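Subject: Structure for your review

Dear colleague,

Please find the structure below, with the sequence alongside. I would be grateful if you would read the following notes with the model open.

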Amino acid sequence: MSTAWFVVTRLGRDRSALIGLVLIALLVLAALLAPLLATHPDDVFELHPSERLRAPSGAHWLGTDRMGADVYSRLLFGARITILIGLIAVGASLVIGVPIGLLAGYHHGWASDLLMRVSDIFLAVPQVVLAIAIAQTLGPSLPNVILALSVTYWPWFARVVYAETRALQKEVFVESTAALGASPWRLTVLHVLPNIASPIIVRASIGMGFTILTAAALGFLGLGPPPPTPEWGRTIAESREFLPDAWWYAAAPGLAIFLTVMGFNLLGDGLRDVLDPRLRRSPARDG
Amino acid sequence: MRLLALALHRLLWFVPTLLGLLVVTFVISRVVPADPVALVAGETATPAQVEALRRQLGYDRPLPVQFVDYLARLARGDMGESLFTRRPILDDLTHRLPATIELTVVAMLASVLVGIPLGVLSALWRNSLLDHALRVLTVSGLAIAGFWLGIMLQLLFSMRLGWTPLNGRLPGFPPRGITGLYLVDAALTWDWSTFVTALAHLALPAATLAFPALATLVRFTRAGVLDVMQSNFVLYERAMGLPRPLIVWKYILRSALTSTVTQIGLLFGILLAGAVVTEAVFDWPGIGTYAVSSIVRSDYNAVMGFTVWAGVIFIVVNLLVDLALTLVDPRERVS
Amino acid sequence: MTHGRSWLALALALLTVALAPAAPAAAQTRFVFANESPYDTLDPHAAFDVGRVAVRLNLYDGLYRWLDNPPKLEPWLAESYTVSPDGLTYTFKLRHGAKFHDGTEITAEDVRYSAERILAMKKGAASLIATMIAPGATKALDRYTVQFTLAKPAAIFLAVVPEIHVVNAALVKKNEKDGDWGAAWLTNNEAGSGSYVLDRYDPAIGFTAKRFASHFMPWGPKPIDEIDFRFVKEDNTRVLGMIKGDYQGTGGYLPNDQVKRLREAPNVKIVEQESMRIMMFQINNQRAPLTDVHVRRAISYAFDYDGFNKEILGGTVERNPVPIPNNMWGVPRDVKGYSYSLDKAKRELGLAQAKVDRPLTVGYLQGFSQTEQAATVMANGLRKLGLETKLTSEVWPAMVERMKKPETSPDLVVYWISTYYADPNNWIGEMFSSNQWGTFKASSFYKNPKVDDLLETALKSTDRKVREKAYQDAARIVVSDAAGVWIYNTKYFGPWAKNIEGIRFSPIGNGQEIRWLHYK
């Protein structure tokens with residue numbers, strides 16, 4: 001409990017981490033309160049062809065898109081999709097990656113090597129490409145995007161957990177606890193997990209940003225949720241043929257992505273600085 | 001000795017890892033809903049003809065048999081033919097590789113030549129305006145969607161200002177080339193107008209690709225330099241009154257460079273992943289667009305071929321980076 | 001002079017030579033066309049579509065050729081033809097002295113080989129031609145006479161003959177591999193006789209070709225010496241390129257916003273022509289609940305035609321309520337078709353026996369944003385009726401694949417049917433004959449014996465009046481059955497460089513035959 005308080009106060013003093021928190025809060029608010037905050041909540045489905053491609057104005061704060069729908073309102077509903085994808089994909093990656101990393105780190109020998117090589121396999125091809133392949137195979141849809149991202153992101157968790165577990169094993173307290181006869185289970189849950197919680201949390205925060213970017217890329221390539229879903233990446237792709245005149249159409253969703261990912265990155269950096277300064281400068285830890 | 005052990009250890013796992021990668025890709029590529037054999041047979045083929053073609057291409061045999069057959073041919077250097085272009089995959093890949101290499105190398109150069117000095121300056125002038133500005137840049141660099149950055153750059157520099165072309169490598173056909181790298185070919189043949197045109201076409205995609213790499217480089221160079229600056233021996237030398245520029249040159253730059261070397265692997269990963277999306281935005285005829293169009297067209301062999309190529313490169317680069325890490329900093333624990 | 005200075009002089013000289021612009025060679029005229037589809041094959045028998053027509057029009061020749069608008073069939077490689085009284089035997093007399101690019105003369109044997117090749121390769125126009133002539137039914141009677149024997153009389157045979165592009169039989173045979181009819185080789189090379197000779201080809205870039213001076217058709221006074229057809233995917237790039245003068249021509253079916261921009265460009269002119277290219281939703285008539293005519297009618301009333309045609313497409317297209325282009329003969333002029341009315345749609349749904357209790361799949365084409373927008377408009381209308389939809393997209397070849405079987409085809413698919421040959425059969429005949437199931441035009445999977453009869457009659461008869469009545473009657477039934485949703489007929493708005501003259505637009509070639517063009 002005191003650790004949590006410690007984290008919060010230290011974080012509170014880090015200005016950029018605070019900015020990150022604010023941005024994330026804005027995203028969550030936008031997503032939760034979209035129906036209330038939107039000026040044209042029906043425009044998620046509704047079309048107004050006679051009002052297409054209007055510049056930002058009092059009636060439409062961020063202009064209208066190719067179907068005449070309000071860009072601002074669709075952006076808010078797009079936030080829901082963004083959060084959903086991010087949370088579930090990162091959550092699933094965590095659930096898959098952490099146990100694998102623990103197993104690999106705890107054991108020595110070929111089993112551990114095998115697990116790490118399996119994670120290498122998934123890292124060998126750029127995540128985007130693998131996600132594209134999976135999304136294309138299964139068909140573009142929201143669940144499939146989440147699946148594709150989870151399947152390709154878990155190795156990052158596995159790697160971090162593996163490295164930390166190995167490092168911890170050398171620590172005296174672990175050796176002595178094991179010598180005292182504590183079961184591996186007990187060891188893991190009571191001693192190892194709390195100590196690797198920090199890198200996992202940091203990784204999760206950075207992972208949110210990374211996953212959201214990849215999800216947007218998939219949406220941009222047309223492999224995300226189908227129309228008329230107001231997914232941010234897809235909206236950017238739609239806007240291209242109307243540039244440079246309807247610049248707001250492309251600028252708004254892009255900025256939304258930027259601020260969201262920035263929020264998670266800043267928070268992740270701040271958490272890392274607070275929770276484990278040792279990690280701050282390790283080059284191999286990022287991604 | 002440790003190096004050797006590590007290298008051997010990795011090499012031992014090289015083949016199984018690659019194999020695993022191939023299995024995964026094989027399974028994914030064969031599970032596609034669209035039937036590429038029917039696509040190739042043509043719009044008007046009857047089911048009987050499609051089956052005949054399937055038999056001819058060997059796709060009617062059980063999957064494990066097909067896989068083993070693929071491996072056997074791979075060992076002979078035969079990646080098979082693209083179902084669509086009817087050309088050997090290897091030819092397709094080599095044909096498109098120069099485009100991606102050129103883009104990636106130019107982006108890498110740009111990020112290194114700009115990033116390292118900025119990182120050093122940022123560390124030396126810590127908390128200055130420049131430092132703060134750069135730190136904003138660094139955080140942005142990893143938060144901007146690459147495809148969006150590319151589109152915005154197009155919007156500003158191509159459409160509004162007209163300074164650069166919109167996309168592609170060159171308008172139309174290139175002058176007959178030697179390496180396929182247009183900058184190099186143009187330089188070798190003294191064709192400066194093509195050189196300038198190719199550079200103009202490279203400007204925006206390379207900038208787009210370089211941005212996240214640049215941000216990462218600045219960040220880690222800065223961190224590395226700060227590390228060194230606070231290390232004991234530098235403090236000692238400063239206490240001894242050694243002039244600052246000398247300290248900078250002697251220790252900091254060198255450590256910055258070594259930190260870069262270890263970053264190459266990471267950079268490479270960022271650049272390769274970014275290349276796929278950047279190529280899509282700029283219609284760049286490289287490996288990225290080849291991979292995406294092969295996947296979208298269910299071109300089995302092309303997808304496998306690309307995966308083999310990407311996998312080999314990745315594993316090799318990873319190995320080299322890990323080796324370099326061990327060489328450079330024995331304290332860094334590597335699995 | 002010292003060594004240093006002589007080197008300097010040499011360097012300076014080299015520099016000057018290198019940087020000085022090359023003196024223009026004797027006024028070689030070039031024409032660059034930006035195409036929205038890639039030229040992924042050069043084989044004239046492997047493709048039948050409008051997107052890649054430039055290859056066939058410029059590198060190859062057929063017996064006859066469609067020219068101008070309204071399209072007329074003109075003798076090309078053949079000078080004349082005769083038909084036997086029973087309508088089964090067509091005999092063509094070739095012109096003498098027409099040459100292939102390698103200098104050899106074009107003979108009836110080349111025509112015979114080409115016809116057999118199309119049938120054997122089973123791609124492109126083969127499905128159409130195969131319904132009329134079988135392998136072995138083509139004979140070279142003598143050096144300049146070729147004869148086709150049809151299985152039964154077919155009014156459209158002559159209309160389709162231009163698609164039998166004549167390849168250099170000897171050259172292709174020389175490059176055959178494992179009995180592939182030279183398919184692998186002809187994908188990347190050419191064996192033609194057309195107005196232009198292939199120079200360079202790269203499927204990612206396009207192709208260039210040089211004028212074939214000894215083409216059998218006379219050349220005008222200032223013909224174009226070199227043509228360059230490039231694959232330029234993005235609309236924006238093509239538009240900007242036209243404005244900047246990088247391209248002298250590009251496809252004429254751009255979105256209205258882009259056409260407006262081009263009209264304002266000083267060096268671009270827009271050639272406006274009535275074309276024949278229908279955009280429609282095919283309804284899968286075989287899948288419940290679409291088997292019920294009331295459901296289909298409800299869907300037909302649920303699409304906002306005006307919103308789409310007038311607002312989104314800016315009025316550049318004409319509402320076309322019948323599965324035959326408005327400007328083609330055979331259209332029943334009294335049929336008004338369906339309009340956007342949610343009331344009428346709800347009434348029809350009320351009359352339906354079948355219940356719509358699942359989301360309807362609406363398929364559109366990847367890379368063609370107009371189809372995506374049409375699908376969105378349709379989904380919106382259906383949603384207002386309380387019907388759920390699921391949008392799905394494929395690249396064209398994959399969609400064609402899905403549309404071969406009623407089980408795999410989406411409930412609704414939106415795309416265009418262009419003019420492959422100028423005859424109502426190109427649309428209504430191929431769309432609604434039950435014997436056409438499995439072709440991409442017939443993904444309505446419609447089966448009505450009465451309509452089959454009418455279409456068969458129209459195909460067999462050579463009397464224009466009989467055919468016209470048959471098509472009109474068939475159209476009336478099909479519209480009443482709401483077998484599909486027909487949205488618009490395109491107008492062609494062709495962007496060309498202002499100083500280009502001589503453009504001969506035809507809905508089949510889309511003006512991409514460069515031999516007629518010259519600079520002012």
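C:P70 is found in the loop that joins β2 to β3 (72-75) in chain C. Please bear in mind that the model is a predicted one. C:D68 belongs to the loop between β2 and β3 of chain C as well, and this aspartate has a positive phi of about 65 degrees although it is not a glycine. C:D68 counts as partly exposed because its relative accessible area is 22%, between the limits of 20% and 50%.

In chain B, the loop between α11 (244-282) and α12 (287-296) holds B:D283, a non-glycine residue whose phi is positive, at about 55 degrees. B:D283 is partly exposed, with a relative accessible area of 22%. As background, most peptide bonds are trans, and most residues other than glycine have a negative phi.

The largest cavity holds about 260 Å³. Its lining consists of 25 residues, and those nearest the centre are C:V53, C:L57, C:W66, C:I508 and C:G509. By class, the lining divides into 11 nonpolar, seven polar and seven charged residues. Both α2 (53-59) and β2 (64-67) of chain C supply at least two lining residues each, and β2(C) gives the most, with four.

C:A169 lies in helix α6 (residues 169-174) of chain C. Why does C:A169 count as buried? Its relative accessibility is 4%, and the cut-off for a buried residue is under 20%, so C:A169 falls in that class. Leaving aside residues up to four places away in sequence, C:A169 touches C:D110 and C:Y113. C:A169 and C:R112 are 57 residues apart in sequence, yet their C-alpha atoms are 9.0 Å apart in space.

Finally, chain A has 11 helices and zero strands. Of its 287 residues, 61% count as buried. Among contacts in chain A with a separation of 6 or more, 73% come from residues 24 or more positions apart. The accessible surface of chain A is about 11,300 Å², and carbon and sulfur atoms account for 70% of that area.

With kind regards

Methods
Residues are numbered from 1 along each chain as its sequence is written. Chains are lettered from A and ligands numbered from 1 in the order in which they are written. This is a predicted model: local features need pLDDT of at least 70, side-chain atom pairs count only at pLDDT 80 or more; totals for chains, interfaces and linings use all residues. Side-chain values use heavy atoms; hydrogens and water are left out. Buried means under 20% relative accessible area, exposed over 50%, partly exposed in between (1.4 Å probe, protein chains only). Contact means heavy atoms within 4.5 Å. Accessible areas come from the Shrake-Rupley method with a 1.4 Å probe; for residues, only the protein chains shown count as cover. On a 1 Å grid over the protein atoms alone, a cavity is a set of points where a 1.4 Å probe fits but cannot get out, and a pocket is an open set with protein on both sides within 12 Å along at least five of seven lines; lining residues have an atom within 4 Å of a point. Grid points are joined across faces, edges and corners, and a volume is the space filled by probe spheres set on the points. Ala, Val, Leu, Ile, Met, Phe, Trp, Tyr, Cys and Pro count as nonpolar, Asp, Glu, Lys and Arg as charged, and the others, Gly among them, as polar.
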